[in-house]
Amino acid sequence: MMTSTRRIKVEHVMGTVFSIDLRDPEVGDAVLDEAFTGLHQVDQRFSPFMAASEISRLGRGELTLDDCHPDVAAVLALCEDLRQATRGVFNAWGWRADGRLDPSGVVKGWAAERAAGVLDQAGASNFCINAGGDVIVRGEPEPGRSWRIGVRHPQEPLALAALLHARDLAVATSGAYERGDHISDARNREVSRELLSMTVAGPSLTLSDAYATAGFAMGESGIAWVAAQPGYAPYAVTREGRVRYSDGFATWLSAG
Amino acid sequence: MMPTRAAVAIVATALAVVLLFSFKTPAQSRPRTPAADVSQGATPSPSPSVSGASPSPSVASGFKDGTYTGQDVFTQFGDVQVKVTIAGGRITDVQPLQMPFEKQRSAEISQFAGPQLHDEVLQAQSAQIDTLSGATYTSDAYAQSVQAALDQAH
């Protein structure tokens, strides 16, 4: 039995599907449209698949960074931070076989966080944003209980590998099961085969997403690497089907 | 920092180490777990040092009572060595002698649980989830996903 305060808006953005689930009855519907308008703007600016996007033009040398919207410099600065933090495993400039500049590993989470900011500004405090499988939850879905976030089983689409309970959290999962072996270590462009999936939870979806991508590409050593990132916790499924997660992650698995 | 939860994970490791001593698999342990738990570079220890006072065999579990020091086992996360106390055929205490990253800020990562994925699996339909995290789906995959069902259930 769903409560009448649940409003969901679903749209295709950035090659996947975003949904926003708003639970604050006093917040008007307009904020959902506003949030999606912002997401489409980010897509048009950052898509490596749109020839006219600022990222594509920047990559071809047709624009300088100063010519671009300030968000481009902000995202590329994030990419550079992550390139250093991952010792080159994550590299927006060097992971694509065709050599195109592609900050997608950061943009989706960053854009979802921006959408959360739009909802915050409108006074919403109880909502869930699902960005193609990466999740931000805030507040509560209904008074008195936390959000229940399933982690998809990497081999069985209709089964869960884990269930998290959280009130304010960002959860991202990387794996090779959905879009094929598309995550690689930028240092050598080899595709990681040690993990079936890597889920990362923490305060920021931008970083959860980036750490999941990088940690997955690192393979088993990525589990310890993610756990060493302050505030973030890994939950990994290895190729042998074993589950490994940190103490930090366990708090969400057991919370009611 | 060595939180209480650490003990649980260490027991899992310790159980693996104990099983390396080539005792019979205890009846109450899950049959598929032990082999997988020790597959990560662990080396069997042929002769555990037994320091307990006159350990008595426990037929029910296959564990003999006593205190056992496991061989130093190299894992992905560093060296692991534990001391396990068995009483009445069951593990009653596990003391970590050596755990990885003890001197580093990342102490928490030495406490990994390692269950089989199968043990964690829940059917999405019965779990009453609000949302689903998974590797980025294409539009087609989304249409067939649990998240799509959740987004329609309003």
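Student: Which residues on the other side of H1(A) are exposed, and what makes a residue exposed?

Tutor: They are A:Ala30, A:Asp33 and A:Thr37. Residues are numbered from 1 along each chain as its sequence is written, and chains are lettered from A and ligands numbered from 1 in the order in which they are written.

Student: Which residues of H1(A) are buried?

Tutor: A:Val31, A:Leu32, A:Ala35, A:Leu39, A:Val42, A:Asp43 and A:Phe46. Seen down the helix axis, these buried residues fall within an arc of 125 degrees, so they line one face of H1(A). The arc is that of the directions from the helix axis to the C-beta atoms.

Student: What covers the buried residues of H1(A)?

Tutor: The cover includes strands E1 (7-13) and E2 (16-22) and helices H2 (54-59), H3 (70-85) and H4 (104-121), which belong to chain A. Helices (H or I, at least four residues) and strands (E, at least two) are DSSP runs, numbered from the N terminus.

Student: How does the reach of helix H1 of chain A compare with the span expected?

Tutor: H1 (residues 30-46) has 17 residues and reaches 25 Å from its first C-alpha to its last, close to the 24 Å expected. The expected span is 1.5 Å times one less than the number of residues.

Student: Why does A:Met14 count as buried?

Tutor: A:Met14 has 21 C-beta neighbours inside 10 Å, so it counts as buried. A:Met14 lies in the loop between E1 and E2 of chain A, and it has a positive phi of about 55 degrees although it is not a glycine.

Student: In what sense do E5(A) and strand E6 of chain A pair, and what makes two strands a pair?

Tutor: Two strands pair if DSSP finds at least two bridges between them. E5(A) and E6 (residues 159-166) have 6 bridges in the antiparallel sense, and they form a hairpin with 6 residues between them. The bridge partner of A:Gly150 in E6(A) is A:Leu163.

Student: In what sense do E5(A) and strand E7 of chain B pair?

Tutor: In the parallel sense, over 3 bridges, with E7 covering residues 131-133 of chain B. There A:Gly150 stands opposite B:Leu132.

Student: What is the average pLDDT of chain B?

Tutor: Chain B averages 49, and 15% of the residues score at least 70. pLDDT is the predictor's confidence in each residue, from 0 to 100. Within chain B the mean is lowest in helix H2 (residues 33-37), at 31, and highest in E7(B), at 90. Over residues 1-61 of chain B the pLDDT stays under 50. Where pLDDT is low, the predicted coordinates should not be read in detail.

Student: What ipTM and pTM does the predictor give the complex?

Tutor: An ipTM of 0.88 and a pTM of 0.69.

Terms used
Predicted model: local features only at pLDDT ≥ 70, side-chain atom pairs only at ≥ 80, totals over all residues. Buried ≥ 20, exposed ≤ 12 C-beta atoms within 10 Å, placed from the backbone. Contact = placed C-beta atoms within 7 Å.
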